[in-house]
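Please keep the sequence and the three-dimensional view at hand.

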Amino acid sequence: MATFSELINSNKPVLVDFSAEWCGPCKMMKPILEKVKSELGDSATIIKVDVDKNKSAANAYKIQGVPTLIVFKHGKPMWRQSGVVQADQLKSIIQKYI
């Protein structure tokens, strides 16, 4: 399995969903992310990072609340937002970086 830094240094956009098991809004993101992934296919990567299990990644990107979504391209954060984001909005944001 690729490391986190290998994944976010990709040429294609990588949406990272920083979340937690106990978080209600994080659970609401699951079907949204599945819809976006099915519509974008292989043009973007979507990964989920549990902040409780990956504290170093959460600290590195100063994650204060969950869910926090960050779009990376070539290892750089291009867009970031906390809270639930609707599928259409998320898809149009990711498409800017494809």
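Helices (H or I, at least four residues) and strands (E, at least two) are here DSSP runs, numbered from the N terminus. The model is predicted: local features need pLDDT of at least 70, side-chain atom pairs count only at pLDDT 80 or more, and totals for chains, interfaces and linings use all residues. Residues are numbered from 1 along each chain as its sequence is written, and side-chain values use heavy atoms, with hydrogens and water left out.

A polar atom of the serine 10 side chain lies 3.0 Å from the backbone nitrogen of lysine 12. Residues up to four places away in sequence aside, serine 10 touches Lys73 and His74; contact here means heavy atoms within 4.5 Å.

Serine 43 counts as partly exposed because its relative accessibility is 25%. A polar atom of its side chain lies 2.6 Å from the backbone oxygen of leucine 40. When residues up to four places away in sequence are not counted, serine 43 touches Lys12, Pro13 and Ile98. Between serine 43 and proline 25 there are 18 residues in sequence and 26 Å in space, C-alpha to C-alpha.

Which residues does UniProt list for "active site"? The unreviewed entry gives Cys23 and Cys26; UniProt positions are in the numbering used here, feature names are shortened, and annotations may be inferred rather than shown by experiment. Of this set, Cys26 is taken in by the lining of the second largest pocket. On a 1 Å grid over the protein atoms alone, a pocket is an open set of points where a 1.4 Å probe fits, with protein on both sides within 12 Å along at least five of seven lines, and lining residues have an atom within 4 Å of a point. Cysteine 23 is in the loop between β1 and α2, whereas cysteine 26 is in helix α2. Cysteine 23 counts as buried at 3% relative accessibility, and cysteine 26 counts as buried at 3% as well. Neighbours within four places in sequence aside, cysteine 23 is in contact with Val66 and Pro67; on that basis cysteine 26 is in contact with Ser19, Ala20, Lys48, Val66 and Pro67.

In soluble globular proteins, nonpolar side chains tend to be buried together. The largest nonpolar core has 16 residues, and those with the most contacts inside it are Leu15, Leu69, Val71, Trp79, Leu90 and Ile94. Such a core is a set of buried Ala, Val, Leu, Ile, Met, Phe, Trp, Tyr and Cys residues joined through side-chain atoms within 4.5 Å. Two or more residues come from each of α2, β3 and α4, and α2 gives the most, with five. Apart from this core lies another, of 15 residues, among them Val14, Phe18, Val49 and Ala57.

How values were computed:
Buried < 20%, exposed > 50% of the residue type's maximum accessible area, 1.4 Å probe, protein only. Polar contact = N/O pair within 3.5 Å; in protein donor to acceptor, adjacent residues only side chain to side chain.
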